[in-house]
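Biologist: I like to know what stands behind each label before I use it. Could you go through the terms with me, one at a time?

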Amino acid sequence: MKSAVFLERDGIVNRYPLGQSKPVPPTCVEEFQINPEVIPFISKLRSLNLKIFVTTHQPMLATGDLDRRELERMHQIMRARLKIDDVLICPHETSDPCPCAKPNTGLFKELEHQYRIDMDHSYVVSDKWQDAAAAHSMGCVSLMLNSPWIGNGHRDYLMETLEDIADKICFLHQNQTVMMVG
Ligand SMILES: [Zn+2]
């Protein structure tokens, strides 16, 4: 079984459009800015032989404020720039009781089954409490990038930069690998 890193998209992979006081996702390709720090971040994780997945909640698909083709164009850009194994989207409204909007674990479970992922030795990276809660339910290690929407719930690590998060995952994963071999 393989280990994976699950990345929240908005705030980790791409930056928010400037001038926003809350996490408003981009609605067009022009607003979709890959975070330059995520490029060396993913390279470092890849060197550990980890699968890289992106999960994202895009409720504006349901309300009609985000065009599906525009979202696909953004994800084409993302996949061209970054070595990502898969991208899973929850397209439902926030008020919709779907199983896939985080903190529910539907997106994670789908990836777990499809790629046969060892969740006990996998990692969730986000700037939002919903991912930390989902990671806790799934038994993954959560590494949170500090932000205004981090909440007060359970999280395993709270860090200030993606570089710090990559170093922590390297440390944790190498120790786990030694333990599994030994
Ligand atoms: Zn959903």
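Biologist: What is the bridge partner of Leu-7 in β6?

Modeller: The partner of Leu-7 is Val-125, and that of Phe-6 is Val-124. This is a predicted model, in which local features need pLDDT of at least 70, side-chain atom pairs count only at pLDDT 80 or more, and totals for chains, interfaces and linings use all residues. Residues are numbered from 1 along each chain as its sequence is written, and side-chain values use heavy atoms, with hydrogens and water left out.

Biologist: What makes β1 and β6 a pair?

Modeller: Two strands pair if DSSP finds at least two bridges between them. Strand β1 (residues 4-8) and strand β6 (residues 123-126) have three bridges, in the parallel sense, so they pair by that rule. Strands here are DSSP runs of E, at least two residues, and helices are runs of H or I, at least four, numbered from the N terminus.

Biologist: And how many bridges join β6 to β7?

Modeller: Four, and these two strands also run parallel. One of the links is between Ser-126 and its partner Met-144 in β7. The chain goes from β6 through α5 to β7 in a right-handed β-α-β crossover. Right-handed means that, with the strands pointing away from the viewer, the path from the first strand over the helix to the second runs clockwise.

Biologist: Which way do the residues of β6 point?

Modeller: Tyr-123 and Val-125 point one way, Val-124 and Ser-126 the other, and all are buried. Buried means under 20% relative accessible area, exposed over 50%, and partly exposed in between, with a 1.4 Å probe and protein chains only.

Biologist: Where do β1, β6 and β7 sit in the sheet order?

Modeller: The open sheet of six strands reads β5-β4-β1-β6-β7-β8, with parallel pairing. What makes β5 (86-90) and β8 (157-159) edge strands is that each pairs on one side only.

Biologist: Now the metal. Which residues coordinate the zinc ion?

Modeller: Cys-90 (SG), His-92 (ND1), Cys-98 (SG) and Cys-100 (SG) do, at 2.1 to 2.3 Å. Donors are N, O and S atoms within 2.8 Å of the metal (3.2 Å for Na, K and Ca), and since water is not among the atoms, sites may look incomplete. The zinc donors are spaced C-x1-H-x5-C-x1-C in sequence. Both Cys-90 and Cys-98 are buried.

Biologist: Why is the arrangement around the zinc ion called tetrahedral?

Modeller: Four donors count as tetrahedral if all angles lie between 85 and 135 degrees. The four donor atoms here subtend angles of 101 to 115°, so the arrangement is tetrahedral.

Key:
Four donors count as tetrahedral if all angles lie between 85 and 135 degrees; four count as square planar and six as octahedral if opposite donors are over 155 degrees apart and all others between 65 and 115; anything else is irregular.
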